[in-house]
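Take a look at the model below.

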Amino acid sequence: AFQAPRSTTSFIRTQQIYAAPAEKVHVLPTESEVTQAVHQLVESCAKQAISKRGHFALAIPGGSVLKVLSSLDPSDDWVSKTTLCFVNHKCVDITDESSAIEAQARAKFLDRWGLTDIISLNGSSDGKKEADDYESKMKALPESKLPRDEDGFPVFDLSLVGVGDDGHIGSLYPNRDEIDIVDGPWVTAAFQKDPPSISLTLPVMQRAQTTVISAAGQSVKYPNGKAGAMRLAIADEAVTPKDFPASALRESAIWILDEA
């Protein structure tokens, strides 16, 4: 069974070029086993955090992670002691199921779980204001809900991060200024697409007690799967976070992949 790790993570500057591959890589036979492994980590991290301080801080993205979580049936009452933030989110009406991660997550599992402590966007298309306001909402959370480290950054108990085939994580895309943030805000606006998005910044993603990146199966968006992207993110010695952002989580994340 997958258990929440107890060690802290190291922090990685975007200028580094990696000489060593990731160590915490698990390749499982099937997509369903990847899903089950993620479920086990969610529950393990939740129970460990609640046992330690009485609360669980969880960050989730959209995309395939929502499908993974949609089949999770919480085995304990950790949901009532959970605060949920979004790793990234489009700046759209948060009730729009066609594009809003929150609306999609509510429909797929949050409402069924009964999770109500959700840090939401305002629902406008103003990327800068949405990012600033989202950070303010996060900073308003007491440390009992969202701990901070010695540098003042938030430390999620668990951050589930999605990766695109171009290496983007959250809404941090290759060769854009947002990936260069190492000492600045918790949340940034990302203008790669229209409407813009907000995204947790790299130092926030890196500081989570546990970061999980999972990839399995195929989808309409990724008909050939993500095997090539995962290889670059995990093991390619030439890529940098600037040209392949997922590699910035090489040392801090747990990678769970299927054999496809």
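Which residue forms a salt bridge with Glu31? The partner is Lys67, and the closest N and O atoms of the pair are 3.3 Å apart. Keep in mind that this is a predicted model. Side chains of opposite charge can pair when their charged atoms come close.

**Salt bridges**

Lys67 sits in helix 2 (residues 64–70) and Glu31 in helix 1, so their pairing ties together parts that are 36 residues apart in sequence. Lys67 is exposed, at 51% relative accessibility. Glu31 is partly exposed, at 29%.

The whole structure holds 14 salt bridges. Three of them are set out here.

| Pair | Closest N to O distance |
|---|---|
| Lys67 and Glu31 | 3.3 Å |

Arg106 is partly exposed, with 28% relative accessibility. A network of salt bridges links Arg106 with Glu102 and Asp111. Arg176 is partly exposed, at 24%.

**The whole protein**

The protein has six helices and nine strands. It has 260 residues, and 56% of them are buried. Its accessible surface is about 11200 Å². Carbon and sulfur atoms account for 48% of that surface. Now take the contacts between residues at least 6 apart in sequence: 74% of these join residues at least 24 apart.

**The core**

The largest nonpolar core contains 78 residues. Ile60, Phe156 and Trp255 have the most contacts inside this core. Helix 1 (residues 31–53) gives the most to the core, with nine residues.

Which residues does Trp255 touch, leaving aside its neighbours within four places in sequence? Among them are Ala22, Val25, Ile213, Met230 and Leu249. Trp255 is also in contact with Lys24, His26 and Arg250.

**Helix 4**

Helix 4 (residues 127–139) has 13 residues. From its first C-alpha to its last, helix 4 reaches 18 Å, close to the 18 Å expected at 1.5 Å a residue. Which of its residues are buried? They are Gly127, Glu130, Ala131, Tyr134, Glu135 and Met138. These residues lie on the same side of helix 4, because they cover an arc of only 130 degrees around the axis. The buried residues of helix 4 pack against strand 3 (82–86), strand 6 (187–190) and strand 7 (197–200).

Conventions
Residues numbered from 1 in each chain as written. Predicted model: local features only at pLDDT ≥ 70, side-chain atom pairs only at ≥ 80, totals over all residues. Heavy atoms only, no water. Core = buried A, V, L, I, M, F, W, Y, C linked by side-chain atoms within 4.5 Å. Buried < 20%, exposed > 50% of the residue type's maximum accessible area, 1.4 Å probe, protein only. Helix = DSSP H or I, 4+ residues; strand = E, 2+ residues; numbered from the N terminus. Contact = heavy atoms within 4.5 Å. Areas by Shrake-Rupley, 256 points an atom, 1.4 Å probe, with all protein chains shown as cover. Expected span 1.5 Å × (residues − 1). Arc of directions from axis to C-beta. Salt bridge = Lys/Arg side-chain N within 4 Å of Asp/Glu carboxyl O.
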